[in-house]
Amino acid sequence: MNPNTPKSPSFDAPQGSSAATRFFALVPCAGSGARAETAQPKQYQLVFGVPMVAHTLRALSAVERLAGGILVVAPDDTFEWPANAEWPDHWSRQACGGATRAHSVYNGLLALRAQGAGDTDWVLVHDAARCLITPEMVNALIDACEGDAVGGLLALPLPDTLKLESHGRVESTVAREGKWLAQTPQMFRLGALLKALQSQIASDFQGVTDEASAMEMAGHHPLLVKGNAMNFKVTYRQDFELVEAVLKSRHTGDDLNTQGIKK
Ligand code: C5P
């Protein structure tokens, strides 16, 4: 299927099936990525011949437990999905992105529900810009969280010393013990995450910088699941060099070329 065609997959539970919970991916892809200083939004920057986000989707679609997913793009997004980048089965592209990542995720959850996902299904929200995610990392999160009452997120204990700044100088050193860097995917039940985000609409999602923060505001304590430093978010121009070096190290010469990654 091509995302440029309008038909979206239906996630209605099959008739007569037991109410087994399912897992869906939601990839917010509606940011402008200004800090990367690329000509087009960073998620569409070519990496080995295909847009960066195609690498992200390729990894997620290799996770067998994911029943499908949606890519949330900006309403005015005109990016044409290139023919050499594989579009995964059971994924749709929804032009319902909003002003902030939280708006995009909230709108995406509504779209996912409209396609038939249920409130008890799990949703794994993953940044388009974390293109070095692997199926193993996603499976580790699912394994750790699927039996949990709340859900959780991939994260890393803070490796460096943390400084508090005041006017360009160090004000103080913050103890790093117990501090983690949040990554994605972040995995919560669709209904609970929607409710947590809904309660922050009045404040225009102020302080909601990831899904876990919305869940925290709703009184929950998401599980921290140790992630991998490779799962960094491409933010600055130089991050692309790192991405290419890592991809090169993961793939042999014959399946990685300037026409994208072959199956
Ligand atoms: O800007 P930043 O890299 O922190 O964004 C994280 C993710 O959220 C990216 O994949 C970006 O495309 C997405 N995003 C979004 N809608 C926004 C802002 C960011 O979907 N309004």
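Colleague: How many helices and strands are there in the chain?
Modeller: In this predicted model, the chain contains six helices and 13 strands.

Colleague: And how compact is the chain?
Modeller: Its radius of gyration is 18 Å, close to the 18 Å that the globule rule gives for 263 residues, so the chain is as compact as a globular protein of that length. The C-alpha trace spans about 60 × 45 × 35 Å along its principal axes.

Colleague: What is the strand order in the open sheet of seven strands?
Modeller: The order is β5-β4-β1-β6-β10-β7-β11, and the pairing is mixed. At the edges are β5 (91-94) and β11 (223-226), each of which pairs on one side only. From one strand to the next, the twist averages 25°.

Colleague: How do β1 and β4 run, and how many bridges join them?
Modeller: Strand β1 (residues 23-28) and strand β4 (residues 66-72) run parallel, joined by six bridges. Within that pair, Val-27 has Leu-71 in β4 as its bridge partner.

Colleague: Which strands does helix α2 lie across?
Modeller: Helix α2 (residues 101-114) lies across β1, β4, β5, β6 (122-125) and β10 (180-189), and runs at about 145° to β1.

Colleague: Turning to helix α1, is it mostly covered or mostly uncovered?
Modeller: Helix α1 (residues 52-61) is mostly covered, with eight of its 10 residues buried. Among them are Met-52, His-55, Leu-57 and Leu-60.

Colleague: What share of the whole chain is buried?
Modeller: Buried residues account for 48% of the 263 residues. The accessible surface comes to about 13300 Å², and 52% of it belongs to carbon and sulfur atoms.

How values were computed
Residues are numbered from 1 along each chain as its sequence is written. This is a predicted model: local features need pLDDT of at least 70, side-chain atom pairs count only at pLDDT 80 or more; totals for chains, interfaces and linings use all residues. Side-chain values use heavy atoms; hydrogens and water are left out. Two strands pair if DSSP finds at least two bridges between them. Helices (H or I, at least four residues) and strands (E, at least two) are DSSP runs, numbered from the N terminus. Axes are lines fitted to C-alpha atoms, for helices over the stretch in contact, and angles run from 0 to 180 degrees between N-to-C directions. Contact means heavy atoms within 4.5 Å. Buried means under 20% relative accessible area, exposed over 50%, partly exposed in between (1.4 Å probe, protein chains only). The radius of gyration is taken over C-alpha atoms; the globule rule is 2.2 Å times the number of residues to the power 0.38. Accessible areas come from the Shrake-Rupley method with a 1.4 Å probe; for residues, only the protein chains shown count as cover.
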